[in-house]
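This report describes aromatic rings and their surroundings in a predicted model. The structure is shown first, and the description follows.

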Amino acid sequence: MEILDYAFMQRALLAAVLVGITAPAVGIYLVQRRQALMGDGIGHVAMTGVGLGFLLSTSPVWMAMAVAVLGAVVMELIRWYGKTRGDIALAMLFYGGMAGGVMFINLAPGGSNANLSSYLFGSLSTVSSQDVLAICLLAAFVVLVTVGLRRQLFAVSQDEEFARVTGLPVRFLNLLTAVTAAVTVTVAMRVVGLLLVSALMVVPVAAAQQLTRSFAATFAVAVAIGVTVTLGGTVTSYYQDVPPGATIVLLTIGVFIALTALATPLSRRRARAAAAARAAESGEPGHDGGFPLECAVPDARTAKASAGNGPVPGRSHGSSGGNEPIPGRSGGEGAATGSGRESGAEVPSPRV
């Protein structure tokens, strides 16, 4: 293939695959914790690290990772202790991170906002060998955490109180999730950019949830979607000369819409089948379970027998025949029309 003849595209495709694996692998826990926008906030903070990297003439990727990890820890501490002012503190952290990135990169020798643009929206042509090495190491850490501790992280994401009762270190696992999300943002910023990475962490998971019902299946399908859209967006950006980050995100949203349209009739069919099964178990009419025989509606033959003062099958002498009261009543109509009135005895009124 022509695309593989260029070294920069080889690096870009490798980075795209790693991003497609790591972003949904972390995003599934953020979605379970209802922190879908956490990646977006970490991306804002990581901008300060990129600016510091240019200012100090060091690797922007490693500096961004250090600042993003610090910002993620601060965000988690604010979530624990912030109480009513937590949202204001988070807002200042996010916007301060963006402002710091712009300021530092303009203070750097030869730096400008053009240098920051490739980190904000992704740039495949600027992925260097050093960037690929850093991405590989960080991606290995993310996969090790998200797969090796999947049971513990899932338990904490579902119910922190239950996880704490079972003896899990809830605060440590929360911090580890935040740090892993920060590392993932750093991994993805060269492919989709800091401002778009949150979509790649959340949308594949949401798309996978349209078809799957278990955590393991959702995890696998989300990663498959992530790899597919990152590779597809990378190849499309090469042949059509379009921005890679925007292309990848738009492809991801398109996959979500397609799977939602596909899953809607399937979910309705499942809902009807489940309702029918519940109705059959509870004995509603129209199913094999049916009502008890004494509560059944009489058919034509039963009606004829009833008209001829014969006993109604499945009943204990209803109101139209016999002098015995209907079971479950005390002095009801059957007793009143039978022995009560004929003997002249006073029929007690039913109690309310």
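## Charge over a ring

A charge sits over a ring if NZ of Lys or CZ of Arg is within 6 Å of the ring centre and within 35 degrees of the ring normal. In this model, arginine 190 places its charged end over the ring of tyrosine 119, at 4.3 Å from the ring centre.

## Aromatic pairs

A pair of aromatic rings is described by the distance of the centres and the angle of the planes. The count for this model comes to 7 aromatic pairs. One of them is tilted: tyrosine 29 and phenylalanine 215, with 5.8 Å centre to centre and 45° between the planes. This pair joins distant parts of the chain, since tyrosine 29 lies in helix H1 (residues 7-32) and phenylalanine 215 in helix H11 (residues 215-240), 186 residues apart. Tyrosine 29 has a relative accessible area of 2% and is therefore buried.

Tyrosine 238 and tyrosine 239 form an edge-to-face pair, because their planes stand at 80° with the ring centres 4.9 Å apart, and planes over 60 degrees apart count as edge-to-face. Both residues are partly exposed: tyrosine 238 has a relative accessible area of 22%, and tyrosine 239 one of 45%. Ring pairs also join Tyr238 and Tyr239 with Tyr6 and Phe8 in a cluster.

Histidine 44 belongs to helix H2 (residues 38-55). Its relative accessibility is 11%, so histidine 44 counts as buried.

A polar atom of the histidine 44 side chain lies 2.6 Å from the backbone oxygen of aspartate 40. Leaving aside residues up to four places away in sequence, histidine 44 touches Phe94, Gly97, Met98 and Leu195.

Conventions:
Residues numbered from 1 in each chain as written. Predicted model: local features only at pLDDT ≥ 70, side-chain atom pairs only at ≥ 80, totals over all residues. Heavy atoms only, no water. Phe/Tyr/Trp six-rings, centres within 6.5 Å; stacked < 30°, edge-to-face > 60°. Helix = DSSP H or I, 4+ residues; strand = E, 2+ residues; numbered from the N terminus. Buried < 20%, exposed > 50% of the residue type's maximum accessible area, 1.4 Å probe, protein only. Polar contact = N/O pair within 3.5 Å; in protein donor to acceptor, adjacent residues only side chain to side chain. Contact = heavy atoms within 4.5 Å.
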